[in-house]
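Have the sequence and the structure open side by side. Take the report one heading at a time, and find each part as it comes up.

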Amino acid sequence: MPQIFHRSANTLAKVSIAGVLLLAGGVIGLIMVLGRSSYVTRASEFIEQPLQFSHAHHVGDDGIDCRYCHTSVETSSFAGIPPTKTCMNCHSQLWANSPILEPVRASFRDDTSLHWIRVHDLPDFVYFNHSIHIKKGVGCETCHGRVDEMPLMFQQNSLQMEWCLTCHRAPEQFVRPRSDIFTMGYRPPVPQEELGPRLVKEYGIQSLTTCSTCHR
Amino acid sequence: MNIDALRARLDGTRGREYWRSLESLVETPEFKEFLHREFPQNASEWLDPVGRRNFLKLMGASLALAGVSACTRQPNEELVPYVRQPEELVPGKPLFFATAMPMNGAGIGLLVESHEGRPTKIEGNPDHPSSRGATDVFAQAAILGLYDPDRSQTLTNLGDIRPFASFAATGQGALSSQKAAQGAGVRILTETVASPTLAAQITALLAQYPRAKWIQWEPAGRHNAREGSRAAFGEYVDAQYAIEKATVILSLDADFLCTGAAGLKHARAFASRRRVDGDRAQANRLYAVESSPTNTGSRADHRLPLRATEIEAFTRALAAQLGVGGAGAAPAPAAAANWMAPLVSDLQAHRGQSLVIAGDGQPPIVHALAHAMNDALGNVGATVVYTQAAEAQPMDQLAGIRELVGEMNAGTVEFLLVLGGNPVYTAPADLDFATAMERVPLRAHLSLYEDETSALCHWHIPETHFLEAWSDVRSDDGTATIIQPLIAPLYNGKSAHEVVAAIADRERSGYEVVREFWSREKGLSMQATPAPTTPSSIAPTGGRGVAPTGASAVAPTGNAAADAAAGQAPASAQGRVAMRPDEAVVAGRSAEADRSGATSSPPPIAAAPVPQLSPFDREWRKWLHDGVVPDTAFTARTVSAQGNLGQASGGPQPAQGLEVVFRPCPGVHDGRFSNNAWLQELPKPLTKLTWDNAALISPATAARLALISGDVVDLRQGDRTIRIPVWLAPGQAPDTLTLHLGYGRTRAGRAGNGTGFNVNPLRTLAAMDTLPGVQLSKTGETYELASTQDHWSLEGRNLIRVATEAQFAADPRFAQKMEHQPLTGLTMYGDFKYEGYAWGMAIDQNVCTGCNACVVACQAENNVPVVGKSQVLNGREMHWLRVDRYYTGDLETPETYHQPMPCQQCENAPCEVVCPVAATVHNQEGLNDMVYNRCVGTRYCSNNCPYKVRRFNFLLYQDWDTPSLWLQRNPDVTVRSRGVMEKCTYCVQRINQARITAKLEDREIRDGEVVTACQSACPTEAIVFGNLNDPNSRVARLKASSLNYALLAELNSKPRTTYMAIVRNPNTELEPARPLAAEEGEAG
């Protein structure tokens, strides 16, 4: 009985086994890369808002403190999105007739809220609290990036759990003095390797990595 | 199941044995199934008609794509800020508002948690004299009632949608056409009214129409107590019991710990004398004579099951022995023969420190005799004081509704306005209310649901929930609370105040009506600044039924209860109250602002001038903030016995055949909560039945009639008949069937329709509570009842530890000696060091009444879903906290114990080591964290949990689609989906909140700052939570007690939740003292 398979079938079989393994590995790798990519995390992606509000202008050019609008950032889990009234504090006087601000005036006039698109959106099973991070010396910039240079707000970091854990595992790498929490473009006055451990001790920062810290 | 075999089994036990169900005693196959498999056979299988091939295809596809699920781009979410943010509102932080829940002629003071304008959780108001921070199941579940999607949403006339103005015009027209007849054809039917404002409104209306009538009808009301007080004293008064001062208490079929407006106060006071302080017990002693087992009876040291009709004879005999004249010389029932002498001597030995309480289901004569006995025992002024009735206008409700039906049948009623209630369903069957009502030319019904009564009325007006509208209410001791709304009416409902105002006068807001009443009542001007005092409208009228405003004394009971409670240091509510500094004051204001802002245009940007407050407003804000109107509690009044006890109406006399007693259901009450799925699925405290009622029958009677649980029977009395399954209830009086009201509704809503059996057709005017002479016939059918009593069984492992006071004195460490000592040091994982906080819980079974408030509180706090009857039958109920009920002793008079079972948070947790994906892990403070987003649903953890406290989402039990339910959920707790394991977390969201608050203030978490949901609801403070590493914390001190023991300690799981063993205080004349060793045959 003649050979059914040609001698080259051996090679073919080996190659295809290797190929399947490679392909599987590639697919898994692709999925892992994709899962961390900004396509999925939506990091660095400008979000179209109902009103083209520029943090670059208000923070960078005008030097308005973060807390003027995000009033509850030091007291509550939620930093707070300013009510239309806050916009109108200035814009009833400044640029009071600017067409770009018409949605704000309309909101105030008609008593209907502005609908912003959320930029930093954590999954619903994650409970993040702004106030405690501020208290423990985590600067706005550490997570949100150079907001003063963002004409349109975007998400600087992946907001994935491994990103959170880089700081939760080793907070000394990131903490800054409480006086510089709201500073943009902060540079540590002394090297972070020296400052970080000192602040961790001074502020009583715990490295909380138990699940129920954030998930509950 | 064979009762004789059961008895033989019980007789054969050595020592005390604790059992949960009759099935477990005889070890029926069904019970073994539950025991061995946790879920019954095939319960974990998917029974949808999807074929195996399709299933494999779907599974293959999902497996292949599983990894990609992490690559989903999340959809956009919106952030919608306020236009003008209320000043006191900080997004992300809840506000608490004081209000009250009216029910059954009295109110319970509450604090309601509100997240950005939506109420999510109800707590008791610690400043309120009747609740003292505790709540009952009804108050806890009221939040679901608010968001019930089946609530009526439109005002209709004969089914057509109409505006409210159209109804108001009709009502006004009907009234004005009656002007000449002085309102002879007008009848207003309400539930028992506890709102002073509403009573004043109706009284004012009646003053204009003198021949109109106001009838109150409460199907499970306090008719007997009311008439009993009138028989004894010639007037309607309320007895206020100072339970904390009573050393010997006799309950005559009274469930005084768990029902009624004062139940919370009573439970707290009772517990204050039940706690074992250090190694010393100073317990009170409770005797309970009962026709049907109640929670109060389960706490009794001596319990005597007697038929309801025999209790009157028992009471008469007892009263005669205590020297009450005119009690009649009935012989005591034979069953009580050996009780009488010890009871009499015990009561007489504690003159001025004893208390006799008659139950609402007993006839007026029993109440009158109880008053007389308290008088004879010198208790009046000591353990019992009398005040005016808490309800606004006490009246003979039975006579009232009989007269109303007579008039409707005679055709003299032209306009019937039903404000709340559901009389078509609840009125006595022999009156045939529905037929009579249909003769009335104009009928209108205000109610939360479009129910049986609405269906027969021309007009139906959706009612506002008490969390949606302004009102006021008096609590049992008279303290008034302004009911403030937490949210604008969801469905454009109207309150009773608004309806009455609209037809009597003009459309007015409830806010305006309530404020006007109180301004008049307190004589405070509503004009700001030196206003010219306007005449008559503001002048105090000294309205009827209100305590003099100058009276500063709180009723003695209130004070005493407060002292007792303060002594126990209820830190319970501190954590929550601390978050409520001045917010509620401002909040009250903001609600006002909202109201005025609703009509006016938005204010200009320039700051508005600070408004001057009127004298009334200054007080009003404080009332709203505190949740009580000061100086409104009734003062004690002297009452004089009339001495005509013989004339008090007695109850039905014993007759041949069986006897039926009607009781409000511990879950759905009289049917008003039928559509509340939390209450429907809440296992009833003693039977553990869910979603149904049944005829409770004693095992002996059932054996005689050859019945077992689930057999459907016909009950017939005269020509009235109902069909209902029976349920064997240990401790039930012989030849007595207990029927719970509130089931078999036809127009309750999606959750309530078709659950259980309507027992009202047997309930007639003459037999509102007890119906003797009932014939029972077996139909041969069976009905599947969903009882959870065998679910999550930890069978026979010495879980309940009990000693009498003498035994405890002889051996204070008896509880710890009852356990097999664990082999310590035998762990693969080494000892975990807990620095910082170590959370733990101690549950005092001495004071737990099994009222279930904790179970519903947990459900509300932790977004726990309901699963429905068929899923309960599969053992899939989701309650994180269950209350296990154990019996011991014989079938007729078993001792009954309650054991709340949350997750035990083991230090050596068996669940943690078996999870393949580390979805349940240990945390540094000793909690067993449950990580929903990691869980893949293997259920290994629940399989390995010796306490059976883990719950699995077999299906998508959460309702993700109904918008109104979204509002109810606690935003601080994940809403779980299908395929995820869940369990008690010790309310980790509250721990985290307290931790963050403490860190923001640079301090440690204080003892009592973290209060779990179950703890804060508990009326008896049986649950104590705190930091074990702080030796001064309450929980650490409790755990140091000699009574403290862990369940299944021999497993070396080191549970963080431990229990206090029970010390009973029996009368040695009734129960001879025995050494503990003799009882503990096989244990220990």
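Find Leu189(B) first: opposite Leu189(B), in E8(B), stands Ile215(B). Together, E7(B), H7(B) and E8(B) make a right-handed β-α-β unit.

E7(B) has another partner, strand E17 (residues 415-419) of chain B. How many of the five residues of E7(B) are buried? The count is five of five, so the strand is mostly covered by the cut-off of 20 or more other C-beta atoms within 10 Å. Val186(B), Ile188(B) and Thr190(B) point one way. Arg187(B) and Leu189(B) point the other way, and these are buried too.

Helix H6 (residues 164-177) of chain B has 14 residues. From first C-alpha to last, H6(B) reaches 20 Å, close to the 20 Å expected at 1.5 Å a residue.

Which residues of H6(B) are buried? They are Phe167(B), Ala168(B), Gly171(B), Ala174(B) and Leu175(B). These five sit on the same side of H6(B), because they cover an arc of only 130° around the axis. Ala165(B) and Ser176(B) lie on the other side and are exposed. What covers the buried residues? The cover includes E7, E17, strand E18 (442-447), strand E19 (459-462) and helix H18 (496-504) of chain B.

Strand E32 (residues 882-888) of chain B is joined to E33(B) by seven bridges. The two strands run antiparallel. One pair to find is Tyr886(B), which stands opposite Tyr897(B) in E33(B). E32(B) and E33(B) form a hairpin, with six residues between them. In the turn, Gly889(B) has a positive phi of about 100°.

E33(B) is mostly covered, with seven of its seven residues buried. Glu895(B), Tyr897(B), Gln899(B) and Met901(B) point one way. Thr896(B), His898(B) and Pro900(B) point the other way. Both sets are buried.

## Tyr1059 and its sheet

Tyr1059(B) lies in strand E40 (residues 1057-1060) of chain B. Buried or exposed? Tyr1059(B) is buried, because 27 other C-beta atoms lie within 10 Å and the cut-off is 20. Leaving aside neighbours within four places in sequence, Tyr1059(B) is in contact with Ile843(B), Gln845(B), Gln899(B), Tyr1045(B) and Leu1047(B). Gln899(B) is one of the buried residues of E33(B). Pro102(B) is 957 residues away along the chain from Tyr1059(B), and their C-alpha atoms are separated by 34 Å.

E40(B) belongs to an open sheet of four strands, in the order E38-E31-E40-E39 (chain B). The pairing is mixed. Strand E38 (1023-1027) and strand E39 (1044-1045) of chain B are the edge strands, and each pairs on one side only. E39(B) and E40(B) pair in the antiparallel sense over two bridges. Asn1044(B) has Met1060(B), in E40(B), as its bridge partner.

## Two positive phi values in loops

Trp691(B) has a phi near 60°, a positive value in a residue other than glycine. Its place is the loop between strand E23 (689-690) and strand E24 (695-697) of chain B. Trp691(B) is buried, because 25 other C-beta atoms lie within 10 Å and the cut-off is 20.

Gln905(B) is not a glycine either, and its phi is positive, about 50°. Look for Gln905(B) in the loop between strand E33 (895-901) and helix H30 (910-914) of chain B. Gln905(B) is buried as well, with 26 other C-beta atoms within 10 Å.

## Confidence in chain A

Chain A averages a pLDDT of 90, and 100% of its residues score at least 70. Which element of chain A has the lowest mean pLDDT? That is helix H2 (residues 38-41) of chain A, at 82. Helix H7 (residues 130-135) of chain A has the highest, at 93. Where pLDDT is low, predicted coordinates should not be read in detail.

Terms used:
Residues are numbered from 1 along each chain as its sequence is written. Chains are lettered from A and ligands numbered from 1 in the order in which they are written. This is a predicted model: local features need pLDDT of at least 70, side-chain atom pairs count only at pLDDT 80 or more; totals for chains, interfaces and linings use all residues. A residue is buried if 20 or more other C-beta atoms lie within 10 Å of its own, exposed if 12 or fewer, and partly exposed in between; C-beta atoms are placed from the backbone. Two strands pair if DSSP finds at least two bridges between them. A crossover is right-handed if, with the strands pointing away from the viewer, the path from the first strand over the helix to the second runs clockwise. pLDDT is the predictor's confidence in each residue, from 0 to 100. The expected span of a helix is 1.5 Å times one less than its number of residues. The arc is that of the directions from the helix axis to the C-beta atoms. Two residues are in contact if their C-beta atoms, placed from the backbone, lie within 7 Å.
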